[in-house]
Amino acid sequence: MTHHPLSGARSIWAALHIDPFLLVLLLVLLSFGLIVLFSGGDGRIALVKAQSVRIGLALVVMFVFAQLDPSVYRRWAPWLYALGVLALVAVILVGVGAKGAQRWLDLPGLPRFQPSELLKIVVPMTVAWYLSRHFLPPKLSHVALALAMVLVPVALIARQPDLGTSVLVAAAGLFVVFFAGIRWRIISAFFVLVSIAAPLLWFFGMRDYQKQRVLTLLDPESDPLGAGWNIMQSKTAIGSGGWSGKGWMQGTQSHLEFLPESHTDFIVAVLAEEFGFVGIFALMSLYLLILLRCLYIAVNAQDSFSRLLAGALSMTFFIYVFVNVGMVSGLLPVVGVPLPLISYGGTSIVTLMAAFGILMSIHTHRRMIAA
């Protein structure tokens, strides 16, 4: 009997608990991100070096998370949730502030960190743990408790204030409930409640600057030199890129400093200006392939906990992309969500790669058990 070389390669990847197809897509995206970041950061090589170090750390985190059996995540989920909520309360009481927001913990002997980032993974993990312990589709009482599990950390994160992260955490938790097979009448009732709560949120829950973001979305020209400046410059950059763009490092909006946050939240506008429609199409194709691979892993997961968690993590990645591109193109309010694996910054990349590590764990451990 001859030994096929591909089977040996598969067994190596399985032993490493890494999904090679997903890994290659992620590496291509991260490399593309560094090229765009160099231009968005106005040619500052120090930014690219710092981001490369963060990417290296994120890949290590992904590898470590991939090694753990999904049963470990299921077992630890409620304890991690309790720890995460306590950390969010600690942020309110003794957190470190910057730019009008109090989002970080600076504990002795530990590097400064943002607990809300951990909740992007911990909340869907805990909701998946809870719902998978019961028959699916879940009863109304189980849905209500699952929603309460989501609401508590979301409210604490919104209190910091951090609207972008609270939206992502809420989406991550709600996707688990949706994938559990929630009945359509419950979904309809949820949307009715949201419609009723929206005016109350506007008058009593939102801060003035958050209201201004919504008003700016509806009419950015009303304050072209103030609140509307970011969106107007971003749309100008995107539109001026045309079919094939102005060329790498040739974008006028970012290099002449018209475009704010060109290396962080608004980096997709730099990409659109310099690489045009072709560049945006390539980026969106990469994102789509990653999303499809993640959903494939979710569909083929071995148990309900793994299926719910993988599905929620996959769709949270989609929400990341949707919200960032939507806000930069003027379709959604600016809420401070980075472009995943492209924008400059460490916490978001590490969190996302940890999520991809969990997805790889779910996929590779399933294959080993099934063998």
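This is a predicted model: local features need pLDDT of at least 70, side-chain atom pairs count only at pLDDT 80 or more; totals for chains, interfaces and linings use all residues.
**Entry 1: the overall picture**

Before counting anything, I noted what counts: helices (H or I, at least four residues) and strands (E, at least two) are DSSP runs, numbered from the N terminus. On that basis I find 14 helices and 2 strands in the protein.

Next I looked up burial. Of the 371 residues in the protein, 48% are buried. I also checked how far along the chain the contacts reach. Taking contacts between residues at least 6 apart in sequence, I see that 72% join residues at least 24 apart.

**Entry 2: the cavity**

How many cavities of 30 Å³ or more does a search of the whole structure find? I got 1. The space in this largest cavity comes to about 90 Å³.

I then listed the lining: K120, I121, L313, T316, F317, Y320, T351, L352, A355, F356 and L359. Which helices each supply at least two residues of that lining? They are α5 (115–132), α13 (304–328) and α14 (347–370).

**Entry 3: H17**

I went to H17 next and found this residue in the loop between α1 (5–16) and α2 (20–40). Is H17 buried or exposed? H17 has a relative accessible area of 10%, and the cut-off for buried is under 20%, so I write H17 down as buried. The side chain of H17 makes a polar contact of 3.2 Å with the side chain of T364. I also flagged the backbone here: H17 is not a glycine, yet has a positive phi of about 60°.

**Entry 4: L341**

I flagged L341 for its backbone too. L341 is not a glycine, and its phi is positive, about 65°. I placed L341 in the loop between α13 and α14. With a relative accessible area of 2%, L341 is buried.

**Entry 5: cis peptide bonds**

I looked at two prolines in loops. The peptide bond from L136 to P137 is cis, with omega near 0°, and P137 sits in the loop between α5 and α6. A cis peptide bond also joins Q160 and P161, with omega about -5°. I found P161 in the loop between α6 and α7 (163–179).

**Entry 6: two helices checked for length**

How many residues has helix α6 (residues 140–158)? I noted 19, reaching 26 Å from the first C-alpha to the last, close to the 27 Å expected at 1.5 Å a residue. The buried residues I wrote down for α6 are H142, V143, A146, M149, V150, P153, V154, L156 and I157.

Helix α3 (residues 45–67) got the same check. Its 23 residues should span 33 Å at 1.5 Å a residue, and I have its end C-alpha atoms 34 Å apart, which agrees. In α3, I listed L47, V48, Q51, I55, A58, V61, M62 and A66 as buried.

**Entry 7: L271**

I picked L271 in helix α12 (residues 267–299). L271 counts as buried because its relative accessibility is 1%. What does L271 touch, leaving out residues up to four places away in sequence? I found F32, V36, G276, G279, I280 and L283. I also compared L271 with G40: the two are 231 residues apart in sequence, while their C-alpha atoms are 8.2 Å apart in space.

**Entry 8: N324**

My last stop was N324, in helix α13. Its relative accessibility is 0%, so N324 counts as buried. Setting aside neighbours within four places in sequence, I have N324 in contact with D265, V268, V337, P338 and L339.

Methods:
Residues are numbered from 1 along each chain as its sequence is written. Side-chain values use heavy atoms; hydrogens and water are left out. On a 1 Å grid over the protein atoms alone, a cavity is a set of points where a 1.4 Å probe fits but cannot get out, and a pocket is an open set with protein on both sides within 12 Å along at least five of seven lines; lining residues have an atom within 4 Å of a point. Grid points are joined across faces, edges and corners, and a volume is the space filled by probe spheres set on the points. Buried means under 20% relative accessible area, exposed over 50%, partly exposed in between (1.4 Å probe, protein chains only). A polar contact is a pair of N or O atoms within 3.5 Å; within protein, one must be able to donate a hydrogen and the other to accept it, and residues adjacent in sequence count only if both atoms are side-chain atoms. The expected span of a helix is 1.5 Å times one less than its number of residues. Contact means heavy atoms within 4.5 Å.
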